[in-house]
Structures are given as C-alpha cells and as structure tokens.
Amino acid sequence: MITLASDFGSPYPAAMKGVLLRRTDARLVDVAHDFPRQDVRAGAFWCRETLPYFPPAVHLVVVDPGVGTDRDAIVVRAGEHALVGPDNGVLLPAARRIAAESGTGARIECFSYAYDDPDSSTFHGRDVFAPAAAAVHEAGVDALESVDSLSPVESFAVDGAPDAVVGCRFPDAEVSADEARGEVLVVDDFGNVITNVPGSYLDGREGETVAVNGESAAVARAFAAVDEGARLVTVGSHGYVECDVNRGRGDESFGLAPGDDVVVSVSSARNAADRT
Amino acid sequence: MITLASDFGSPYPAAMKGVLLRRTDARLVDVAHDFPRQDVRAGAFWCRETLPYFPPAVHLVVVDPGVGTDRDAIVVRAGEHALVGPDNGVLLPAARRIAAESGTGARIECFSYAYDDPDSSTFHGRDVFAPAAAAVHEAGVDALESVDSLSPVESFAVDGAPDAVVGCRFPDAEVSADEARGEVLVVDDFGNVITNVPGSYLDGREGETVAVNGESAAVARAFAAVDEGARLVTVGSHGYVECDVNRGRGDESFGLAPGDDVVVSVSSARNAADRT
Amino acid sequence: MITLASDFGSPYPAAMKGVLLRRTDARLVDVAHDFPRQDVRAGAFWCRETLPYFPPAVHLVVVDPGVGTDRDAIVVRAGEHALVGPDNGVLLPAARRIAAESGTGARIECFSYAYDDPDSSTFHGRDVFAPAAAAVHEAGVDALESVDSLSPVESFAVDGAPDAVVGCRFPDAEVSADEARGEVLVVDDFGNVITNVPGSYLDGREGETVAVNGESAAVARAFAAVDEGARLVTVGSHGYVECDVNRGRGDESFGLAPGDDVVVSVSSARNAADRT
C-alpha cells in the first residue's frame, strides 16, 4: 500500500499516480493533496494526524518549497512503515508517532535517496519521489538496505533528535493552574483552530467558561452542546484544545490564524464572567 | 466494497481510510467529502443520487451535526447494501431508493450499533463509524444479525416510515396544469438549482418558455441549446426540474438557494411573453 | 485500469464510479474532476500532461459542453491505451502523445460509440461514457473491433490530422533570437502561468533577467532561487515556459489569464535593466 499526500492541488497528483502504477501494483490511497501550500509544518502536522492510522505502508509525502535546490530526498523507516519525501522535516512528526506506537526501543532510521538529474526541476513529486516510493514498496520496508539508490544516513530514538536530516518539532505549550500559553498549530477546513494546548488542560471543566486571549467561550464535548453560531472550546480528535464555533468558523470568530499566540485562561474567564 | 461520503473536507477522511484498512481489505471508493457542512438533508439527497448506482456495498456516510451527543449510530440494510452512519435521517433516502430498486416486498432494516466510549467526542467518523463499517463489511451484509455490536431496531416497508430511527423525506411539489409549486432541494457545484418539481412537468414543453418565480427561461434538453450565459430550465440527471445557466451559475441568475420556494409556471410565462 | 477525468466537481463522479463498478472489477484511478468547467482546451491540456504517465489503461474523460446535443461519443485508441469521451477534441492531444511515445508508425484510431437514448440529457458521463468505458475495458483495448457498439471512423498518423472527428491542437509559439511570442495555455492551481513557449527558449539563461510582456523576471530553475513573493520565469514540468511567483500567484503578479498573448523577450529585459 502506498499513500499519497501533497500540496499539489489538482491534477498534478495524477501524474504521480501514473508513475507509481507503471512501477507497482500497490494499492494507492490518497491522504490529501490540498495541504497548505509549501507549509512544511502544516504538512507535518496533518501527516502525523493521519498516517499513523494506516496499516504498514509506504507514505509518499511531498510538501517541498525547496524543490529544485540541493535539498536531499530521504526515506524514513518507522516501525513497519516507510515515509518518502524531501528532507525538510515534513516526514518526522508522523514517523516519530508511528515509531512510538510500534513498541519499545523503536528507532527512526533515515536513508538518503540518490537520483539522476530529473526531467523537471519543479515537479520532483513525479520525477523523484514517486519513483523512490515505488522502489521502496517493491523492495519492502524491511529491506531498504538492499536498495541501491538508498544509503543509510542516521538513526535516532523516538525521544531523540536527528543530526543529519532536518528535524521538525511542534512547540510545547506552557501549562499552569491558571492558564495555558501556546500557539495555533493549524486551522482546518471547518475553520476549527487547533492549538498546541494539551486537551488534558480542559479535564473536568466541561460546562465551565474559559477565556481564549481574553474572549470567553464555553468548554463543551460536542458542537451541538452550544447554540448555533456560538463559540466553544473543546478537545479535538488529535487531543489538543480547539477553538470552534458550532456551524461556524472558529478562526473568524476568535480572530486566530496559524502561528498566533493563544492564552487559554480559567481565572480570567471567571473574572470576566464576574464583571458581566 | 466500502464507499465513503462525508462533509469532512480534507484531510480527515484519510484517518477514516486508515482505520478501515487496518480492519479490512475491502476496496474503498470515495463518493465525496465536500457535502454541505452539517446539512443532513443535502447529504441525504446526494447519497440518494449516487449510492444506488453502486453494486452491493457498505456505504459509510458521515454528516453528523450531533457528534458527541447521545444520537445513535445505526446500520441500515437495504437490498444487498448496508449503510452506516448517524441516526439523523441521512441514510434513509438512499436506503429507500436502493430497497425500491431491489425488488418487490423489500424492506428497510435498521440496526443500532453499540460502541465503547470513543477516543474523541468530535470525530466519530474515525472512532465509531469507520470501525462499524469495517465490522459490517467483514461480517457480510446478509449476516448483520450475527454481529455482536448490532441490535435490530425496526424494519419498515419501502413506502412506510420509521418509528424508532430518525426519518428523512424530501417534500413533494404541488403540480397543477398551470404551475408547479415546490422548493429548491440543493444547488450543485455548477450552481445548478435542483428543485423538487418532477421532470415530467416539462414533458412536451421543450422549446417553450416557462416562468420560474416570475422570471422567464427556455425549456431545453441541453445546455448548448441556449446561448452562453442564457437561462434554461431542464430535467436534471436526477429527474427533477433544474434551473440552470449555460456556462454560468443558475443560483446567481435565478437568485435561488436551498430551501427557497419555487413556482414554475407555464401560463404566467405565456402572459409575460405576451406582454413583452 | 480505468482512469477518470472530468469537470464534474463533486459528487457527480461518484455516480460514474458506481456505474463502472457494476460492469467491471477494473482498478479505478481519479485523475481530476476539477478541470476548468466546459473548457475543452484546458481539459485536453491536462489530459496530455497526466494520462501518458499511466501504464496501459482506459481513460474516461468528460469535458462536454455539448452534452445533450448530437455530438458523438468516441473511443480513441493510441498505443495500448484507449480514451473514451465526447467528440470535441478533448481526447486528442493526450492520444497523440501516448501514440508518439508508443513507437514508430503508431496511428491514432477513432471509433464511434453507439448508444441508446440515455436516462438523462445532461449527465452522459454517467449514462453514456461510463458504460462505454466499462465496455472498452471488458473487451480489451486490442479488441475494440469486436465491440458491437463501436464502429471504426478513421485513423491517422501521429503527425497527421483527423478528418471525421473533431481535432484539437495547441498553438505553436513563434520563437526568434530576441523574443518568443506565444500565449497562455492554462493557469494551474498554484497560479502558475503555463505558456506555449518551449522551455528550450530559456536554455543557458539561468540567472538572467527576461521580460514578460515588458515586465522583468529572473530566469530560475527553482522557486526557492528567488525571494519569497518574487517573480520567476522557469521551465515547468511539462516543458513549457512558466511565469511564476515563489510562494505567490504568477497569474496575479503577471496579470495573465488563459488565452492571453505572451511575449518573452531577452533584449527588452536587458534594455529595461540598462535603463534601471
């Protein structure tokens, strides 16, 4: 099985599929091709939230603002999965989570992929990464050492950091009793604002009101628990605190965009409520 | 075969696919993931217009504004198909049509799906419905009674109505010799305005002019039968009267949106034409 | 294998998939369903840039502004591939390229597909072309002569032109030492402006500045070679000169849309640079 994820929009992914299908009979599964354009961190986030749900597979991931430069093409092995893409960090959060879920002592192993001068300097998804993913699939994830075009670069523990390949880590929020200080990681298609504040911060607070950057919102488990058009703060499916609107867009209501600072506060909300 | 339909946009459906593929080797076919958000009636409409074309399959449908509340998860068997989704009516029009086409005496059989507390309260597509669809597929549509997590709730005839599960019916238009009074069911991606007026209302009127809410338009079989940018009223592929514009958007030209009342009138168009 | 390409948006392609899967077990691969609406030339361009990458397959292509009129449904055989769609030229550029790549002496063979009055006059993708594609797939591309509903119409050489079916050729640019005069063929999802000026016009000019309709831009191999928001002129993955912006939209920056005239000029850019 080969999954495909990119920021290519349409119809470029079809050329990648053609290239793959000339080289393999693998099942192809589209993850998404509308990742935010050239946004490595967003791509890394969405890969981490989707790829670990798959059974062992080869994951072709192309979010590649450095296409045509001398950035490397790499293959990352994590558990029984392999991830194929540019060496810019986009593969690592998913690999780390897959490895962590694959058992104790798991390591993340990185290989460099050697390729001839490709047909294009702007579409390595078609000309470099799709052939690489097909080669990895045909060899088998446990036999990457036997693939001529692959060279081991380094391996590191799940809780370690890479030296040779480009890393990618999402920032941690600072959580105290009164408030959690974090940032917006991504905004999804619904306009839901996904922060890096751990969902556990809301434990036992269902039905309470909190403040997000000073604006109050109810803590709720379900969108339908608040009125249509009303704000809610909830724990999203990825385990983080989300700022949402029932049948509306949280990003617009809260005025938040990726990278923005977020302070979720219990006490100030109570104060704000007291003043009301 | 498992088909997938939702209002999830991207990339959430990928997590559902991963969950499915960990549990089944079934062929997965995307129906659409851009159904109008949290619009049960629109989702029900589009499911009815697409799912009956498939061979026997399990259809996973998630348009679920009540996610995280105590609404049930259900499985509906119709002919050799099974539909899996929330108990809010979204499955029923498709089930009714599939059952009707499967032969005389067909019934629609509803099962309740029991599930443990899911990982998330906002993404039951991944945590509840995908596992349910995989379980249904692996058991086989004719063996739902043997699935531990399924309990029969009720069955009803194709022309009957449910008592226990939530129903969903599209309104009927009132058709007389002079006019048809109905409403807009949905607007498609092209901007075509799909009403509930039966296409037979236009029988024998090709080339005539009718009035839609007082504004005249030609009755035509083909978009290309009218000038670019001109309005037409035609019978759409679902058998209803559509209000369209050749190479334009009918919704903008006619000023119509889902739920709006529509009066398609023969006589007033003639009068309007007489006055011109 | 059957690939699907259309301008249908969503969810209409799902009905086509259902119709196909009732008739064949073939692997289905989506190429794209968001081709520019009713734009035969753009559809033809994107098919030519994607379909030839596939292994031998049946390609179902529906961009069909003449749906419901008396335009024919055709099947075009090129090498080991067959293309199925309306007789409006949309299939021919892809067929020509596939045939050219399949070896010397290859010809393009056109068949007419006879069909009964379809269920709808507006959705021949579902009612005419999907059944045709399934029939072609089941018969086999090398046995089209044995399909009752197909009649040979004509065949022509790769460098020839059709008489009976509708042709489609992209215009050639006029290239001289000082300038290349062409036009915009399409604009992609990224806003990249794809012209018909052959990429070879930029050979040896990397790092130079050229003028596009009088506005200067750097010639670069990679987006990342210019600053964020800066213009570049590059050779796209299809071999043509593209006018792009790094992390921005070339169409907006250059003020160009499909069909616009484009003059790429070396000398005037030098002059412009001299004057600066």
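This briefing covers the chain contacts, the symmetry and selected local features of a predicted model. Chain B can be superposed on chain A with an RMSD of 0.0 Å by a turn of 120° and a shift of 0.0 Å along the axis. The two copies are thus related as by a three-fold rotation axis. Chain B contacts chain A through 30 residues on each side, and 30 residues of chain B are likewise in contact with 30 residues of chain C. Over all chains, the count of salt bridges is 39.

**Symmetry**

- Arg27(B) is the residue of chain B that comes closest to the rotation axis, with its C-alpha at 5.4 Å.
- Only 3% of the interface residues of chain B are also interface residues in chain A, so the copies meet through different surfaces.

**Interface of chain B with chain A**

- About 2400 Å² is buried between chain B and chain A, and 55% of this area lies on carbon and sulfur atoms.
- Polar contacts between chain B and chain A amount to 13 residue pairs, with both residues at pLDDT 80 or more.
- On the side of chain B that touches chain A, helix H1 (residues 12–23) of chain B gives the most, with eight residues.
- That side of chain B, facing chain A, is made up of twelve nonpolar, ten polar and eight charged residues.

**Interface of chain B with chain C**

- Chain B and chain C bury about 2400 Å² between them, with 55% of it on carbon and sulfur atoms.
- The number of salt bridges between chain B and chain C is zero.
- There are 13 residue pairs in polar contact between chain B and chain C, both residues being at pLDDT 80 or more.
- Strand E2 (28–32), helix H2 (40–50) and strand E13 (231–235) of chain B each supply at least two residues of the side that touches chain C.
- E2(B) provides the largest share of the side of chain B that touches chain C, namely four residues.
- By class, this side of chain B, touching chain C, holds 16 nonpolar, six polar and eight charged residues.

**Helix H2**

- In chain C, helix H2 (residues 40–50) is mostly covered, with ten of its eleven residues buried.
- The buried residues of H2(C) include Val40(C), Phe45(C), Trp46(C), Cys47(C), Arg48(C) and Glu49(C).
- At the start of H2(C), a side-chain oxygen of Asp39(C) comes to within 3.3 Å of the backbone nitrogen of Arg41(C).
- In chain B, Arg48(B) lies in helix H2, and Arg48(B) counts as buried at 15% relative accessibility.
- The side chains of Arg48(B) and Tyr240(B) are joined by a polar contact of 2.9 Å.
- Not counting residues up to four places away in sequence, Arg48(B) touches Pro93(B), Ala94(B), Arg97(B), Phe170(B) and Tyr240(B).
- In chain A, a network of salt bridges links Arg48(A), Glu49(A), Arg97(A) and Glu101(A).

**Salt bridges within chains**

- Arg231(A) and Glu215(A) meet through their side chains in a salt bridge of 2.7 Å, N to O.
- This pair links distant parts of the chain, with Arg231(A) in strand E13 (residues 231–235) and Glu215(A) in strand E12 (residues 215–219) of chain A, 16 residues apart.
- Arg231(A) is partly exposed, with a relative accessible area of 23%, and Glu215(A) is partly exposed at 33% relative accessibility.
- In chain B, the side chains of Arg71(B) and Asp64(B) form a salt bridge of 2.6 Å, N to O.
- Arg71(B) is buried, with a relative accessible area of 11%, and Asp64(B) is buried, with a relative accessible area of 9%.
- In chain C, a salt bridge of 3.0 Å, N to O, joins the side chains of Asp251(C) and Arg249(C).
- Asp251(C) is buried, with a relative accessible area of 16%, whereas Arg249(C) counts as partly exposed at 32% relative accessibility.

**A buried loop residue**

- Ala106(A) lies in the loop between helix H3 (92–101) and strand E6 (107–113) of chain A.
- At 16% relative accessibility, Ala106(A) counts as buried.
- Leaving aside neighbours within four places in sequence, Ala106(A) is in contact with Ala99(A), Ala157(A) and Val158(A).
- Ala106(A) and Asp7(A) are 99 residues apart in sequence and 30 Å apart in space, C-alpha to C-alpha.

Methods
Residues numbered from 1 in each chain as written. Chains lettered and ligands numbered in written order. Predicted model: local features only at pLDDT ≥ 70, side-chain atom pairs only at ≥ 80, totals over all residues. Heavy atoms only, no water. Contact = heavy atoms within 4.5 Å. Buried area = accessible area lost by both parts, 1.4 Å probe. Polar contact = N/O pair within 3.5 Å; in protein donor to acceptor, adjacent residues only side chain to side chain. Nonpolar A, V, L, I, M, F, W, Y, C, P; charged D, E, K, R; others polar. Least-squares fit on C-alpha atoms with pLDDT ≥ 70 in both. Salt bridge = Lys/Arg side-chain N within 4 Å of Asp/Glu carboxyl O. Buried < 20%, exposed > 50% of the residue type's maximum accessible area, 1.4 Å probe, protein only.
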